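Colleague: Could you walk me through this one? I'd like to learn how to read its features, not just look at them.

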Amino acid sequence: MATIASEQTDQASQPTRGRALRLSPSAISYLQATPLIVILGFFFLLPIAMITVVSFWDYDFAGLYPDFLTMNYTDTLGSWVTWKTYLNTLKFTAIVWALTLLIGFWVAYFLAFHIRKTSTQMILFLVCTVPFMTSNIIRMISWIPVLGRNGLVNSTLIEMGIIPKPIEWLLYSDFAVVLAMVHLYTLFMVTPIFNTLMRIDRSLFEAARDAGASGWQVLWNVVIPLAKPGMAIGTIFVVTLVMADFSTVQVMSGGQSASVALMMKNQMSLLQYPAAAANAVVLLAVVLLMVAAILRVVDIRKEL
């Protein structure tokens, strides 16, 4: 009797333990997301918070002094040099975005619709990624012997009799900066657009042609609308990369052009960390506003 009673007691306690350990679906979801939240908080949110705090500090040539001053933001936003630098950065961003979108879309379109074999598509796509196996700096400075005064382009044009003397603006100019950035960042536009185009149902093209649509009408009314999520993702990549690029502007312009990131780099080299932090916060706000505008225009959740 005592054995039977103890077994009944154990059986009665087992459901209670099960109910005690059972978690709600929402709690399980939060528990699963906890490692990602910790990683993002430590490596993303904490540095941004530290930069924001430092942007209110005081400083001089001797060191930094914890304080709460708006002087750094006043100096940043109240200077015409800062506004001119932001306009110059936005100019680079707009030109590079337009060129990478144009080139990236047609490269992705060719790979997605004109290459029939999947294996050939993957091989050609991998060929596009080969330059990314080297450093950005190496790929950037590789343009110097091509665009220089005695470089490949000028030498070829002079030997062909097309120009009487070397073209000076090919190197150390805004043209060189844009060319290098387009070379560096086009793949960031090709990849998401190619991924989007590969998901398009080919039967839509047949339906459009059966309805009497021409090739350009199919492209404009079917392909481009369905490719917008990939274009938006590529735009976010390119915009954020160009806005944060300082090495390309510094090297390819020969110090004749400026960008916001280059201005921050110069401030840090002069140990003006609070001023650089204030510039970083303003730049982050500008980039976030641009990304928010892109997300308002295109719903990239269709892609994700």
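This is a predicted model: local features need pLDDT of at least 70, side-chain atom pairs count only at pLDDT 80 or more; totals for chains, interfaces and linings use all residues.

Colleague: Let's begin with the record. Which residues does UniProt list for "transmembrane region"?

Modeller: The entry is unreviewed, and it lists 36–57, 92–111, 123–144, 175–197, 218–244 and 273–298. Take residues 92–111: the span is 100% helix and 0% strand, with its end C-alpha atoms 28 Å apart. For residues 175–197 the figures are 96% helix and 0% strand, and the end C-alpha atoms lie 31 Å apart.

Colleague: And which residues does it give for "domain: ABC transmembrane type-1"?

Modeller: Residues 86–294, again from an unreviewed UniProt entry. That span is 76% helix and 0% strand in the model, and its end C-alpha atoms are 19 Å apart.

Colleague: On to aromatics. How many aromatic pairs are there, and how do I read one?

Modeller: There are 12 aromatic pairs.

Colleague: Is F56 buried or exposed? And F68, buried or exposed?

Modeller: The cut-offs are under 20% for buried and over 50% for exposed. With a relative accessible area of 19%, F56 is buried, while F68, at 61%, is exposed.

Colleague: Which other ring pairs with F56?

Modeller: Y73 does: the centres are 5.1 Å apart and the planes are at 45°, so this pair is tilted. F56 and Y73 are both buried.

Colleague: Which rings link into a cluster?

Modeller: F105, W106, Y109, F113, F205 and W216, joined through ring pairs. While you're looking at rings, check for charges over their faces too: K91 lies over the face of F92, 5.2 Å from the ring centre.

Colleague: What about backbone angles?

Modeller: Most residues other than glycine have a negative phi. That makes the exceptions worth a look. Y172 has a positive phi of about 60° without being a glycine. Y172 is in the loop between α8 (152–159) and α9 (174–185), and it is partly exposed, with a relative accessible area of 40%. L271 also has a positive phi, near 65°. L271 is found in the loop between α14 and α15 and is partly exposed at 46%.

Colleague: Last one: how much space lies in the largest pocket, and what lines it?

Modeller: The largest pocket holds about 340 Å³ of space. It has 15 lining residues, with A244, A280, L283, L284 and V287 the closest to its centre. The elements giving two or more residues to the lining are α2 (25–54), α12 (215–243), α14 (260–269) and α15 (273–297). By class, the lining has 13 nonpolar residues, two polar ones and no charged ones.

How values were computed:
Residues are numbered from 1 along each chain as its sequence is written. Side-chain values use heavy atoms; hydrogens and water are left out. On a 1 Å grid over the protein atoms alone, a cavity is a set of points where a 1.4 Å probe fits but cannot get out, and a pocket is an open set with protein on both sides within 12 Å along at least five of seven lines; lining residues have an atom within 4 Å of a point. Grid points are joined across faces, edges and corners, and a volume is the space filled by probe spheres set on the points. Helices (H or I, at least four residues) and strands (E, at least two) are DSSP runs, numbered from the N terminus. Ala, Val, Leu, Ile, Met, Phe, Trp, Tyr, Cys and Pro count as nonpolar, Asp, Glu, Lys and Arg as charged, and the others, Gly among them, as polar. Rings of Phe, Tyr and Trp (its six-membered ring) pair if their centres lie within 6.5 Å; planes under 30 degrees apart count as stacked, over 60 as edge-to-face and the rest as tilted. Buried means under 20% relative accessible area, exposed over 50%, partly exposed in between (1.4 Å probe, protein chains only). A charge sits over a ring if NZ of Lys or CZ of Arg is within 6 Å of the ring centre and within 35 degrees of the ring normal. UniProt positions are given in the numbering used here, feature names are shortened, and annotations may be inferred rather than shown by experiment.
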